[in-house]
Amino acid sequence: MAYQVFISFKNTDKNGYTADKKISEDLYRYLSEKGIRTFYSNATLLDFGESAYKEVIDGALDEVAVMVVIGSKKEYLSSKWCKYEWHTYQQNILSNIVKGSIITYLGDMPLSDVPT
């Protein structure tokens with residue numbers, strides 16, 4: 001399946017689900033209702049075993065036109081998977097693998113807290 005949008009977010013922290021998970025879930029539902037094929041790990045990865053996660057994520061990052069990064073806290077944006085997804089997609093753009101855009105939702109987080 002060719003995806004059009006990839007949603008990157010931190011799913012859980014030490015207190016359970018993050019606020020970012022709820023925002024990303026709402027965005028996924030909205031985009032899906034509009035017929036936009038969206039990669040949302042909590043729904044998309046259910047059909048794959050854990051060992052296939054990276055391969056499936058990499059495949060989606062090689063085809064999407066838009067990545068939406070949702071990060072309400074600096075540590076969420078710096079988390080292992082969020083950082084991996086964001087950096088991989090940015091590299092795909094710079095390497096001309098995709099002609100894409102990155103959209104960030106930062107909530108109330110100051111722009112100065114966004115990792116490089």
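Predicted model: local features only at pLDDT ≥ 70, side-chain atom pairs only at ≥ 80, totals over all residues.
Helices here are DSSP runs of H or I with at least four residues, and strands are runs of E with at least two, both numbered from the N terminus.

**The pocket**

The largest pocket has a volume of about 390 Å³. Its lining is made up of 19 residues, and Phe9, Asn11, Ser41, Asn42 and Trp81 are the ones nearest the centre. Strand 1, helix 2 (41-44), helix 3 and helix 5 each bring at least two residues to that lining. Helix 5 provides the largest share, with four residues.

Four strands form an open sheet in the order 4-1-5-6, and their pairing is parallel. Strand 4 and strand 6 sit at the edges with a single partner strand each, so one side of each has no neighbour in the sheet. From one strand to the next, the twist averages 20°. Strand 1 and strand 4 are joined by three bridges in the parallel sense, and Val5 is found opposite Thr38 of strand 4. Helix 5 lies across strand 1, strand 5 and strand 6, and runs at about 150° to strand 6.

Here are the strands, with their residue ranges.

| Strand | Residues |
|---|---|
| Strand 1 | 5-8 |
| Strand 4 | 38-40 |
| Strand 5 | 66-70 |
| Strand 6 | 101-105 |

**The nonpolar cores**

Which members of the largest nonpolar core touch the most other members? They are Phe6, Phe39 and Leu77, in a core of 19 residues. Helix 3 (53-61), strand 5 and helix 5 (80-94) each supply at least two residues of this core, and helix 3 gives the most, with four.

Leaving aside residues up to four places away in sequence, Phe6 touches Phe39, Ile57, Ala60, Leu61, Val64, Val66, Met67, Val68 and Glu85.

**Helix 3 from the inside**

Which residues of helix 3 are buried? Val56, Ile57, Asp58, Ala60 and Leu61 are, each having under 20% relative accessible area. An α-helix has 3.6 residues a turn, so residues three or four places apart point the same way. The buried residues of helix 3 pack against strand 1, strand 4, strand 5 and helix 5. Two of them, Ile57 and Ala60, are also among the contacts of Phe6.

How values were computed. Residues numbered from 1 in each chain as written. Heavy atoms only, no water. Core = buried A, V, L, I, M, F, W, Y, C linked by side-chain atoms within 4.5 Å. Buried < 20%, exposed > 50% of the residue type's maximum accessible area, 1.4 Å probe, protein only. Contact = heavy atoms within 4.5 Å. Pairing = 2+ DSSP bridges. Axes fitted to C-alpha atoms, helices over the stretch in contact; angles between N-to-C directions. 1 Å grid on protein atoms, 1.4 Å probe; cavity = no way out; pocket = protein on both sides within 12 Å on 5 of 7 lines; lining within 4 Å. Points joined across faces, edges and corners; volume = space filled by probe spheres on them.
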